[in-house]
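Thank you all for making time this morning. I would like to walk you slowly through one structure, starting with a pair of helices and ending with a metal site.

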Amino acid sequence: MASNDAIEQAKWDVMSANHILAREEVLDGYGHVSLRHPTNPQHFFLSRSRSPELVTVEDIMEFTLDGDTVGNDDRPPYLERFIHGSIFKARPDVMSVVHSHQVDVVPYSISSVPLQPVWHQACSIGSHLPVWDIHDKFGDTNLLVANLAQGEDLAAALGRNKVALMRGHGFAAAGNHLQEAVSMSIYLPKNARILTTAKLLGGSVTVATPGEVEKAGVVRPEQPAFQRGWEYWLKRAGVKPRH
Ligand code: MN
């Protein structure tokens, strides 16, 4: 694939992911999804400050990992772009990041009860989901990741894990590719609902073992089984094929 086409495809993929995550109610007017630049790993793509459901290919902006705009693009960016750049900087293996305020997940960011994988569809979220509390290092803030230092602290809390919960705020999911970041972000809230429901039943709860997480948690976009789900999400979101 020629470089220019790879860039156009990347922007199209970011637009598609925005529409899917909006349709699946992972993102509402807020939250965002990014993709590392396909030929320059020091840059990434993210929409201008716009609701995910409305994002077009033309809205996609290019940033450095420090969150600075590339080129003379003076459109307002998302304040919390530092979430993305900081994770891309700390984790060369990560190609795509989703940040969401999805409400079924948030209880686990304020409770001592850990969010753990309990459902086979959600095993890609990993066995351990650290909770990052912005107050630990930055005291009283407006709870938003508004600068590089806060982004880097979040990335450090994420460590080698797939998902970090953000206390009283939401989550950040880090995927090896866009499809993994999107599917994790769709199944994470469903897993949270299942776990909450199971706990309400009052008995004991069985979580997926680390070995099960390892075996069930691999997302392979090239496989027909995954493409079936991706096609379904694109269709529901009303995204037309690019070619
Ligand atoms: Mn946020």
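Let me begin with helices H2 and H5, which are oblique to each other, a word used for angles that are not under 35 degrees (roughly parallel), over 145 (roughly antiparallel) or 65 to 115 (roughly perpendicular). Please keep in mind that this is a predicted model, in which local features need pLDDT of at least 70 and side-chain atom pairs count only at pLDDT 80 or more, while totals for chains, interfaces and linings use all residues. Residues are numbered from 1 along each chain as its sequence is written, and side-chain values use heavy atoms, with hydrogens and water left out.

Helices (H or I, at least four residues) and strands (E, at least two) are DSSP runs, numbered from the N terminus. H2 and H5, the latter covering residues 148–158, pack at an angle of about 50°, with their axes 8 Å apart; the axes are lines fitted to C-alpha atoms over the stretch in contact, and angles run from 0 to 180 degrees between N-to-C directions. Contact here means heavy atoms within 4.5 Å, and among the residues that make it are Phe82, Ile83 and Ile87 of H2, together with Leu148, Leu154 and Leu158 of H5.

How much of H2 is buried, if we take that word to mean under 20% relative accessible area, with exposed over 50% and partly exposed in between (1.4 Å probe, protein chains only)? Seven of its nine residues are buried, so H2 is largely enclosed by the rest of the structure. The buried residues, including His84, Gly85 and Phe88, pack against H5 and several strands, among them S1 (32–36), S2 (43–47) and S7 (170–175).

Now to the metal. The manganese ion is coordinated by Glu80 through OE and by His99, His101 and His169, each through NE2, at 2.1 Å; donors are N, O and S atoms within 2.8 Å of the metal (3.2 Å for Na, K and Ca), and as water is not among the atoms, sites may look incomplete. Glu80 lies in the loop between strand S3 (60–64) and H2 (82–90), and His101 in the loop between strand S4 (96–100) and helix H3 (107–110), so the pair ties together parts that are 21 residues apart in sequence. Glu80 is buried at 6% relative accessible area, whereas His101, at 27%, is partly exposed.

Finally, Ser183 sits in helix H6 (residues 178–201) and counts as buried at 3% relative accessibility.
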